[in-house]
Amino acid sequence: MTLTVPQQSPPTPQSLQPTGWLRYLSFSVDHKVIGLQYMVCGFAFYLIGGALAGAIRTELVSPISDFMPRDVYNQVLTLHGTVMIFLWIVPVVNGAFGNYLIPFYVGARDMAFPRLNAVAFWLIPPAGLLLISSYFITGAAQSGWTAYPPLSLTTPASGQIIWILSVLLLGGSSIFGGINFIATILKLRRPGLKLMQLPMYCWAMLGTSILVVLSTPVLAGTLIMLSFDIVAHTGFFNPGLGGNVVVYQHLFWFYSHPAVYIMVLPAFGLVSEILPIHCRKPLFGYTTMVYSIMAIVGLGLVVWAHHMFTSGTPPWMRLFFTIATAFIAVPTGIKFFNWLATLWGGKISLNSAVLFSCGFIVNFVLGGITGVALAQVPFDVHVHDTYFVVAHFHYIVYGGSVFVIFASIYHWYPKVTGRLMNEHLGRFHFLITFVGFNLCFAPQHWLGLNGMPRRVAEYDPQFQLINQFSSVGALLMAISTLPFLWNVIASASQGAIAGDNPWNALTPEWLTTSPPPVENWKGEAPLVANPYAYGTPEDEIDLRSVSGSDLWRNGQ
Amino acid sequence: MQIPSAIVTLVLGMLLVLGGLWIGQNINLLPVDASTNAPIYDELFRVLFSIGTILFLGIVGLIIFSLVRFRRRPGQLGDGLALEGNLPLEVFWTAVPAIVVLFVGLFSYDIYERMGGMAPLSHGDHGTSMQTEQRIWGGIGSSEISTTPAASALQPLPVEVTAMQFAFLFHYPDGDIMSGELHVQAGRPVTLRMEAKDVIHAFWVPEFRLKQDVIPGQPTLLDFTPTRPGRYPIVCAELCGPYHGGMRSTVVVESPDDFNTWLQANRKPPVQEA
């Protein structure tokens, strides 16, 4: 006699990690979940920062201060800068893409310190909410994202203190992330994977993380001293108590100039991943790209005083920082020429990811040219703190980093969701973003050269027409978000099924399923010794017997 | 007939350089120049604008050309050429920007020197007696370039500038005149001794191409020589509070006669003042 007992399913291992959509709201330690948390959280703050920018451009439609009170205008511009830098670009180009991609690229199943990683992310929402809520509770900080004393000591203290707390939390998050990236890239590489075989984004993140770890603590220390000046009436930066305000500027820019590279180096890395795949060519000049990143890191640490050419810096200091700053153009130029060479002779798919990447190159080249000009003391003395500078740095951080964020979303969306985004909507999104962006910021160069200072709620009426052009551009940029949002949301359920590797890419994140399983690979991680091994080898095409035009005609 | 690509490239490159030079020299983006260092500044600007235009148009042209010519056509499969790098090419585009940057740096150094930027900070020649107790910071100025005999024969006009939320006040020690507008004489050097009462402000006259932060606790000297009579805006360029955008004044550059008339009309009688 046999007794049949109902088949008992083996007890599922009780996971401490929630599954399903809830894990995106949890203290998950999965690097992919954390990456998406960074991304979505960052994008929410991008919308807030964008609304603040819209308020600024609305105020500037007319030359008089008529849209909002003047002190609110200063709160809005402070929040706009802080949100866009610390809650959108830095967390997204580092935290979102770094967390998602770096473990794949080094052949690891997660980051080196998964719990630290989750802590780093979960510092961001409270810090962001704190910052935004300060506007409603006590009034936000009014002294700009630079918070120069004595202005930051004399504006209402509560808003300024909340701003400092928020930035300290965000800086802490950034440092935790930086340590994690350095450890992951250097120590968690799959056996057999050499440093010079890593995808370029790893090098960019290594360089960025070095900058984060070296410079962010300086900002933290400075802001703590500033908060002592505010609440305990110490005199570090208070000239009335014997303090020195220029020292604050030195300390602040010691972080905040490298912060520019913290925002653009990862973007450089992402573009280096996207272009070779869609051009079907190897990344041109891998070794020089690596050295350029490291040169930018080194030079980026010794250029900060170019933000202070009008602050009474001595002539030798002006000279040194001019030369150091201008020389950053050399390694940066190498990277841009290498991307152009990667495009040259490729089989370029003109999809949204490539269009946004090329838009980035165009915008960043213009921002770089104005940057070299701004490094020249005599030039800077006229346009410092004007709309010329506003135009310049938006060409760097929006035309540069944000364009790359969009390119990367189009490129990696199929990896994350398993579905493709709509290409027509994507190209439309690119078109209005590119036109709107350039319409918004190109005229501002002229405004600055002709006498409009930055951070003003009212201005000389002769600048009204150009400001209105600029505001129309800003409106276009706002509108361009709509097709993008629709595309992201609709494609998640209706997009064409992408398959595991829709771009025929060779980098390791594509050598698994889309979306990837929890520990990235079923079985062992693949060893990718040459992540850019695209292209037909030269010996298969006899170069001597054909001219260049034959090469591309034959390909048809 | 096939034109060799080297020649096409050469011709395009020459057109690009000439076009960039033409744009840089002929498109004016700057307001009128009204001080001795403004024309020097404009010279630098034209050089930077030319180089920038050449670089920008060249790179944009290359991208558009690549995107059109090397685009993937429908039905096209396969990869591009497996070119992983080219050392001579890399050396070339490292060296060329380095040379350009070096040239720009040396040129702007020269400009800077001609503007008087390398003058020592202590400005001993102005005989300011307070140097001993306070360190005085100097902005870029034009004291060095007013070397024409007529200009250097004139004693610099000293003016004390007080920046506060949200106004500039100008005090002429010579005659004890207090004014909300800065009156200066065309062709005569001016030395501003600037002090801020509360927060950082910046003194900017776009037509003079001059800007200097006015920093509390750090008296600052700024020298310049106005040239072109007229009324020009003085703008505060450093965020200084809610009314920062309204913190403006006017500099009036006048002929010597007009300036002296203004000086006499506003000069305070030494005794009567309470």
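# Notebook: helix contacts, chain contact and confidence

**Entry 1. Helices 8 and 11 of chain A**

I began with helix 8 of chain A, which passes helix 11 of chain A in a left-handed crossing. Left-handed is used where the near helix is turned anticlockwise from the far one by less than a right angle, and right-handed where the turn is clockwise. Helices (H or I, at least four residues) and strands (E, at least two) are DSSP runs, numbered from the N terminus.

I note that this is a predicted model, in which local features need pLDDT of at least 70, side-chain atom pairs count only at pLDDT 80 or more, and totals for chains, interfaces and linings use all residues. Residues are numbered from 1 along each chain as its sequence is written, while chains are lettered from A and ligands numbered from 1 in the order in which they are written.

I then looked up the geometry: the axes of helix 8 (residues 245-279) and helix 11 (residues 329-343) of chain A come within 9 Å and cross at roughly 15°. Helix 8 of chain A is therefore roughly parallel to helix 11 of chain A. Axes are lines fitted to C-alpha atoms, for helices over the stretch in contact, and angles run from 0 to 180 degrees between N-to-C directions. Angles under 35 degrees count as roughly parallel, over 145 as roughly antiparallel, 65 to 115 as roughly perpendicular and the rest as oblique.

Helix 8 of chain A contributes Phe268(A), Val271(A), Leu275(A), Pro276(A) and Cys279(A) to the contact, and helix 11 of chain A contributes Lys335(A), Trp339(A), Thr342(A) and Leu343(A). Two residues are in contact if their C-beta atoms, placed from the backbone, lie within 7 Å. I list seven nonpolar residues, one polar and one charged in the contact of helix 8 with helix 11 of chain A. Here Ala, Val, Leu, Ile, Met, Phe, Trp, Tyr, Cys and Pro count as nonpolar, Asp, Glu, Lys and Arg as charged, and the others, Gly among them, as polar.

**Entry 2. Helices 9 and 11 of chain A**

How do helix 9 and helix 11 of chain A cross? Their axes come within 8 Å, at roughly 150°, which means that helix 9 of chain A is roughly antiparallel to helix 11 of chain A. The crossing of these two helices is left-handed. On helix 9 of chain A I found Thr288(A), Met289(A), Ser292(A), Ala295(A) and Ile296(A), which meet Pro331(A), Thr332(A), Ile334(A), Lys335(A) and Asn338(A) of helix 11 of chain A. The contact of helix 9 with helix 11 of chain A has five nonpolar, four polar and one charged residues.

**Entry 3. Helices 14 and 15 of chain A**

I next took helix 14 (residues 387-417) and helix 15 (residues 423-449) of chain A, whose axes come within 8 Å and cross at roughly 170°. These two helices are therefore roughly antiparallel to each other. By class, their contact has 12 nonpolar, six polar and no charged residues.

**Entry 4. Chain B against chain A**

I find 79 residues of chain B in contact with 82 residues of chain A. Helix 2 of chain B gives the largest share of the chain B side, 14 residues. That side has 47 nonpolar, 20 polar and 12 charged residues. For the model I record ipTM 0.90 and pTM 0.91.

**Entry 5. Domains of chain B**

The domain assignment of chain B gives domain 1 (5-71 + 86-114) and domain 2 (124-266); such bounds come from an automatic or database assignment. I find 10 residues of domain 1 in contact with 16 residues of domain 2 of chain B. Helix 2 of chain B gives the most to the domain 1 side, with three residues.

**Entry 6. Confidence in chain B**

Where in chain B is confidence lowest? I find it in helix 4 (residues 149-153) of chain B, at a mean of 53, whereas strand 10 of chain B is highest, at 94. Residues 122-135 of chain B have pLDDT below 50, with 11 contacts beyond near neighbours in sequence. Where pLDDT is low, the predicted coordinates should not be read in detail.

**Entry 7. Backbone points**

Most residues other than glycine have a negative phi, and most peptide bonds are trans. I noted a cis peptide bond joining Ser514(A) and Pro515(A), with omega about -5°. Pro515(A) lies in the loop between helix 16 (464-494) and helix 17 (548-554) of chain A. Ala147(A), not a glycine, has a positive phi of about 50°.

How values were computed: pLDDT = per-residue confidence, 0-100.
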